[in-house]
Number of protein chains: 4
Amino acid sequence: MIIVMSPTATQKEIEHVIARVTGAGLKVHLSEGKIRTIIGLIGEKKMMAQLPLEALAGVEKTISVTAGYKLVSSEFKNEDTVIDIGGVLVGAQNLVIMAGPCAVESRAQLLESARIVKEAGAQFLRGGAYKPRTSPYSFQGLEEKGLEMLAEARAVTGLKVVTEVVDIQSVSVVSAYADVLQIGARNMQNFQLLKAVGKSGMPVLLKRGIAATINEWLHAAEYIMSEGNYNVMFCERGIRTFEDYTRNTLDLSAVAALKNISHLPVIVDPSHGTGLWKLVRPMAKAAIAGGADGLMIEVHPNPAEALSDGNQSLTPENFHMLMNEVGTVASAVGRRMA
Amino acid sequence: MIIVMSPTATQKEIEHVIARVTGAGLKVHLSEGKIRTIIGLIGEKKMMAQLPLEALAGVEKTISVTAGYKLVSSEFKNEDTVIDIGGVLVGAQNLVIMAGPCAVESRAQLLESARIVKEAGAQFLRGGAYKPRTSPYSFQGLEEKGLEMLAEARAVTGLKVVTEVVDIQSVSVVSAYADVLQIGARNMQNFQLLKAVGKSGMPVLLKRGIAATINEWLHAAEYIMSEGNYNVMFCERGIRTFEDYTRNTLDLSAVAALKNISHLPVIVDPSHGTGLWKLVRPMAKAAIAGGADGLMIEVHPNPAEALSDGNQSLTPENFHMLMNEVGTVASAVGRRMA
Amino acid sequence: MIIVMSPTATQKEIEHVIARVTGAGLKVHLSEGKIRTIIGLIGEKKMMAQLPLEALAGVEKTISVTAGYKLVSSEFKNEDTVIDIGGVLVGAQNLVIMAGPCAVESRAQLLESARIVKEAGAQFLRGGAYKPRTSPYSFQGLEEKGLEMLAEARAVTGLKVVTEVVDIQSVSVVSAYADVLQIGARNMQNFQLLKAVGKSGMPVLLKRGIAATINEWLHAAEYIMSEGNYNVMFCERGIRTFEDYTRNTLDLSAVAALKNISHLPVIVDPSHGTGLWKLVRPMAKAAIAGGADGLMIEVHPNPAEALSDGNQSLTPENFHMLMNEVGTVASAVGRRMA
Amino acid sequence: MIIVMSPTATQKEIEHVIARVTGAGLKVHLSEGKIRTIIGLIGEKKMMAQLPLEALAGVEKTISVTAGYKLVSSEFKNEDTVIDIGGVLVGAQNLVIMAGPCAVESRAQLLESARIVKEAGAQFLRGGAYKPRTSPYSFQGLEEKGLEMLAEARAVTGLKVVTEVVDIQSVSVVSAYADVLQIGARNMQNFQLLKAVGKSGMPVLLKRGIAATINEWLHAAEYIMSEGNYNVMFCERGIRTFEDYTRNTLDLSAVAALKNISHLPVIVDPSHGTGLWKLVRPMAKAAIAGGADGLMIEVHPNPAEALSDGNQSLTPENFHMLMNEVGTVASAVGRRMA
């Protein structure tokens, strides 16, 4: 951390700042310019984080030089993480495809969806049993009954199950049915929940918060990993910007950024990322060409009958086309469809 | 809701859309322009929300005409809500001032803070016992011990206590010690938590999510009210924008907007809203002049020693100045300091 | 356009609104719901745009049903536009690559850059002779001398030249030297300049404004086209969001969106779009996989010596790698490197 | 400026960076931490700005310590600037009120507007003769005829005239009629225009760009001042965010920020800032309470007949109320209506 003193800071103020930080066990590196004095701090990041330095007299601002995370960083582990989920590898050469309806609506709808996505080549079935909805009057999910249907679909098709967990109470019940716990965008900074899924030891798909910086996202993963659970996947699903043609702005540069900063796998969800089914196929291809390790795609046997997000769901036909097209792009960047 | 058909929609597609919505029990109002057909829907909003109309062939887009909330709306209740919290009225002519440290750090710090803010004229003591923090390595709060200290400070000073609740588990323990449950920005769409505080019957201070639209915020309040708890206050605390000089962009126009749309009281937190103590006083005055019912202000006996957010906390001297200045502005807009 | 009347609107207010719009020559379509009356307008868009309907008593809001542009729309021209620039086709099966330094710095630097990008397979040389810079104290470009160097580089290599025009005065001088006029992000809504390049008849590369919606971007192109100049290319170069790891957020979904809405070609600039040379190659591949018709890439013989944007420029070696990788991805989506 | 080297930077890379910056005439201050080496640069900011340091091998990032502007800064001039515009002082104790229609529509409309705002106490008449509009099909202004009407209204009422200049060509004609040149939001980074109004010597009202940071805004003012024209006023008019209830998000904290950073006066435009006439009065009061030196308000004799922005214009009655209310708030913060 660097402390930039104000041009009007007095010698006494500078000395007080130095006394304060050395008193906290940190070392100091002083640089006196013509206009300003700059004080570099050397020592434990954690200690620096707890000093309210900008409140000291004469301090203009402080600047962080290093990141606040550690376990997620490729400086800490310089080899890409591959997560083995019952034999399906995430982060290896083969892409992983997670597909299915937004919400579990009925046994018939889910089994039909599972059959379709399995046949098209997906390895994971997605489907929400607990649905966070903006309005209290919208469909909120089938809850444990939905989990049972997901487990049945897995038994029938062999697909792995990824589904959202929305509170601490349901971590154990969702863990009993699912292969991967999904943390939704609205819960990316629900730190109690992050700690709970960290303790569960289950593989976690961590969606990016709708207004989360990459830096905050990395810290959210650090919460999970600091509980000893290293099986974390990022999922880019679009951020909120001023643009309103798309539901969100899918930030594919975040994929390339994460690949530089971290060793963890990155999945892309172009369905939520765009909110428009016509944009899902081109963005799925773009995601893979840009380095993503897999995709999460909403597919519905009949989008026009869906209870949730039908506008962004692909028909089975469109999903088949997507799988073929993505497979071709995958080969062009040294990846493979399983 | 209005369905805008594509200019290339066929007669058959139009008929299919009509059949679909009338089949769901809605009435239809047809308007055939030279270029496009437009279909108006009349009936239950809830029913419309569950139809994935944009997935139907020939549909270009759908447009919501009416809001999805009800209980929060001034159309539903056209008289401003005044909440009585142990004799302190929120939303009445008198302003309410909630002040104190960001986090409860120690008994001494809290009692000293309480004494200071009480003396300066505040009615509520704020202070976090459970602290959501971006990094798992930052100070996370004193938890129940912090709540005990808050209760002691109340006993000594007579101040009411407002403090954050971060998960469902702690709703009952926080309710046992606090007068108002605060929902933090990161939890504004933690719907399980909203339902839980709704069921608790406790007065709730609902902070705006960092990237929440006013519309989503109103729906979040609707979650609480739809559980039968009508004691909800909004708290504007800044939104995330591209501007990085301030920590957040304090959106005071949201105050005026809420006063038009809703009957619930609105509090403003210029400390988190700006992140810079030098901006707190001017923005506090602006908030009151713009129609806010009260303020939430971070005050610390010694900001330079604070464990959290010291950079935005006021010293006791600055808080005194703020109270005097705000009092003068309050008179200018027909309000009063208590 | 649709007028949504307030639930409290009186019959008289409704009649006044109707009188006002029919008085302006528009037809009206009335829909009376249980709670609200909705008035649909039929007629000339232009006329509607000039009525301040929301200021009429009883009006809650107005909703636009159709877009305000025409010539840019694929409803107007349902066949993709291919622009022939001295024999190089933009928008056809072959991708176009525009590459070169951010700024023209010297004759030697530019000729060396031109040689490098030509050899690697580019068709266009980019390079700024007029440079809009945030600070008045930064390097502002070589102006006409820079244009002469660009023309010399074209004579030597056969590359076409694309360069920015920053004001009306220089449209004619830039047109004398360049093959394509670039409108920079800061000038996307400099309407006088848009009209001037429209009148010039020159091919125009229209960069997206840093906070421009897709809708505003389409209207900016409409300004150029409404002067009779149909040779317009869009260039996505990143938008401003809260994310600060990247310089901008490259919005690749805008490419897919434009391909749905418009018939004009779309180029992507991942150099400005990310601001980080390490992210340029993955995002270039993503752009092509997502449907872009070409790329604009910053290449510098020696980025560490560049006077502008060295941090996002590729070395010759990296640009060669990009060209190879993009070529492979192009084949996977039915496109070709020239 | 500070250069943060990567943890994996070699000794040779560090030496190369040092050689590069010392070769450019800068001094270096070295700080070797356990993990990283940090290099502080001392010398001319301008020189640093031209070095593409992040492109050098081993460099992780660079951090600016000081601002790139000078003349606008209160470090450069620590006394508030008061601009004398024909006897009306801007930035002094008296507030200035600029009011009038969005666009000059006709002689009758303008003279009537001028009379109304004069009578209510305004000192400036606003009104656009050149109108930048998103769509080429919207009303574009009366141009020089509009300027003549503004001058006539001045002759009749004694009001000063503030009106927008949209390109270099019209700087001289607008200067011939107006007292203050307004730079609109879309032109805040039209650097050619900034230089031209700088050279004109006329007082300039510099509106904030719709997505401009405070830092960029300060630099835009620096462009004008670096031409020797020190008569610059800022005008906050809302920024673009995700919120869509309001047309823009009026950033009142920018007023307080500018008052800390700069010595120049700050005006607030709540009409464009909110886009909703119902929010104009509360936000006008908030602006003054927060420290603004004046207001720019859209007033129309009959908003329902306006050709532009009628939805955000005040009626004469509402403007009178605003003036009274703002006068009361002004007194509460030590200011006065003239």
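1. The term covers a side-chain nitrogen of Lys or Arg within 4 Å of a carboxyl oxygen of Asp or Glu. Across the interface of chain C and chain D, the rule finds two salt bridges.

2. Before going on, please note that this is a predicted model, where local features need pLDDT of at least 70, side-chain atom pairs count only at pLDDT 80 or more, and totals for chains, interfaces and linings use all residues. Residues are numbered from 1 along each chain as its sequence is written, chains are lettered from A and ligands numbered from 1 in the order in which they are written, and side-chain values use heavy atoms, leaving out hydrogens and water.

3. The contact (heavy atoms within 4.5 Å) takes 47 residues from chain C and 47 residues from chain D. Together the two chains bury about 4,100 Å², 50% of it on carbon and sulfur atoms; this is accessible area (1.4 Å probe) lost on putting the two parts together, summed over both.

4. Now the symmetry: a rotation of 180° with 0.0 Å of shift along its axis superposes chain C on chain D, with an RMSD of 0.0 Å (least squares on C-alpha atoms of residues with pLDDT of at least 70 in both). The two copies are thus related as by a two-fold rotation axis. The same surface serves both, as 100% of the contact residues of chain C recur in chain D. Within chain C, the residue whose C-alpha comes closest to the rotation axis is Ala211(C), at 3.0 Å.
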